[in-house]
Amino acid sequence: MMHVMDDTIPLPTGFGCHVASIGVKDDTDDFVVIATADPHPASGVFTMSRFAGPSVTISREHLSDRRARGIVIVSKNANVANGPAGLDDANELLTIVADRLGCEPTDLLVASTGVIGRRYPMDRIRAGAAATPTAPGGTDAGAAARGIMTTDTVPKVAARTIGDGPARVVGIAKGVGMIEPDMATMIAVVTTDAEIDADMLDATFRRVVDRTFNCVSVDSDTSTSDTAVVLTSAAAGPVDIAEFEVALEAVCLELTKLIASDGEGAETLIEVRVTGARDAAQAKRVAKAIVNSPLVKTAVHGADPNWGRVAMAIGKCSDDTDIDQDRVSIAFGDTEIYPTRVDDAELERLSTYMRGDEVVISADLGIADGAATVWGCDLTDGYIRINADYTT
């Protein structure tokens, strides 16, 4: 269902990238470095998985001062559950790249994605890292996005100008499976040339992540390597923080939808809107219950406007005792389908609507004014085939 997009988007001023194929798994690009000349304010949000990999552990530690110079990304190997050896491998990787860039390893973050339980092929990692330019000169965000792909079918890139410019926000992401974020999701690297205070950047990024990356789910599985970071170069000078947040959210939201649309085997983007909740947290909880339901996802795949499956998903939120079925309404697209009953002709029209690339499911709980929107995708035989055949 994914459409080919124009990914020839330059990184913000002050950033350079290096993209290479170093043979981590095959002959595709699998090694990316994005960096600035000096450390600047940065923020990151990471998986809450108890099996978090060294990339998450190290990056959390290196961001303790909310500053970073860049990030190193290895795709097609997650380097997770390899014990002390895996941690040593990740630290050695950063040491080699830091030596090439002329900085401390603690100035760099690291992210990895791919197969769990296999160590890096360190001979190839060492050789590839040692070939990192001392001043990465690449500016193509699309090339960086392609370099971090695993089972993604397209690179994911988004960009916005902050206010009237010239400062910009550019983001890249990967992720199509094992996505039910308990933080952010998959791997996302957002860059900006805006000059922003570290504490303000951190608070703004976390707010935006909660409204975007934390609202996407492909298959209800939380990855061991989920990483979302924002890096600054400060090259464009100060900006209005409200305008920055608008641009940042637009970039993250576009990436969120690209992730959901490119879910493994996906053919339909599902948007679930919950209103009338007690608060935003309840609205998101109910929306996630709907979008994560295999029965809802397969109904969408089959273009079946079966609102009973949506009702079932809402009903699973059994701890939310203020949800009363007599106050709930459900709609597909712009058509209320519960408690209003529709005839066979209307059901056929809704079935036609559900054959489109995007399906919107709405539920109003009739409690208060809490609201949330989340995104996901249908469940297809393609998802099963991809993951059944995925190498261990």
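A: Residues 24 or more positions apart account for 81% of the contacts in the chain with a separation of 6 or more; contact means heavy atoms within 4.5 Å. This is a predicted model, in which local features need pLDDT of at least 70 and side-chain atom pairs count only at pLDDT 80 or more, while totals for chains, interfaces and linings use all residues. Residues are numbered from 1 along each chain as its sequence is written, and side-chain values use heavy atoms, with hydrogens and water left out.

The chain has 11 helices and 13 strands. Both are DSSP runs numbered from the N terminus (helices H or I, at least four residues; strands E, at least two). Of its 392 residues, 55% count as buried. Buried means under 20% relative accessible area, exposed over 50%, partly exposed in between (1.4 Å probe, protein chains only).

Now the pair. Helix α5 (residues 198–211) packs against helix α6 (residues 241–261) at about 40°, and the axes are 10 Å apart. Axes are fitted to C-alpha atoms over the stretch in contact, and angles run from 0 to 180 degrees between N-to-C directions. The two helices are therefore oblique to each other; that class is what remains after under 35 degrees (roughly parallel), over 145 (roughly antiparallel) and 65 to 115 (roughly perpendicular).

From α5 come Met200, Leu201, Thr204, Phe205, Arg207, Val208 and Arg211. They meet Ile241, Phe244, Glu245, Leu248, Glu249 and Cys252 of α6. These contact residues divide into 8 nonpolar, 1 polar and 4 charged. Asp, Glu, Lys and Arg count as charged; Ala, Val, Leu, Ile, Met, Phe, Trp, Tyr, Cys and Pro as nonpolar; the others, Gly among them, as polar.

Glu245 deserves a stop. It belongs to helix α6. Its relative accessibility is 14%, so Glu245 counts as buried. Leaving out residues up to four places away in sequence, Glu245 touches Thr204, Arg207, Val208 and Arg211.

Next, the backbone. Most residues other than glycine have a negative phi, and most peptide bonds are trans. Lys76, in strand β3 (residues 67–77), has a positive phi of about 80°. Lys76 is buried, at 12% relative accessible area. Ala81 also has a positive phi, near 65°. Ala81 lies in the loop between β3 and α2 (83–101) and is partly exposed at 49%.

Gly165 and Pro166 are joined by a cis peptide bond, omega about 5°. Pro166 sits in the loop between β5 (156–161) and β6 (168–174). The bond from Tyr338 to Pro339 is cis too, with omega near 5°.
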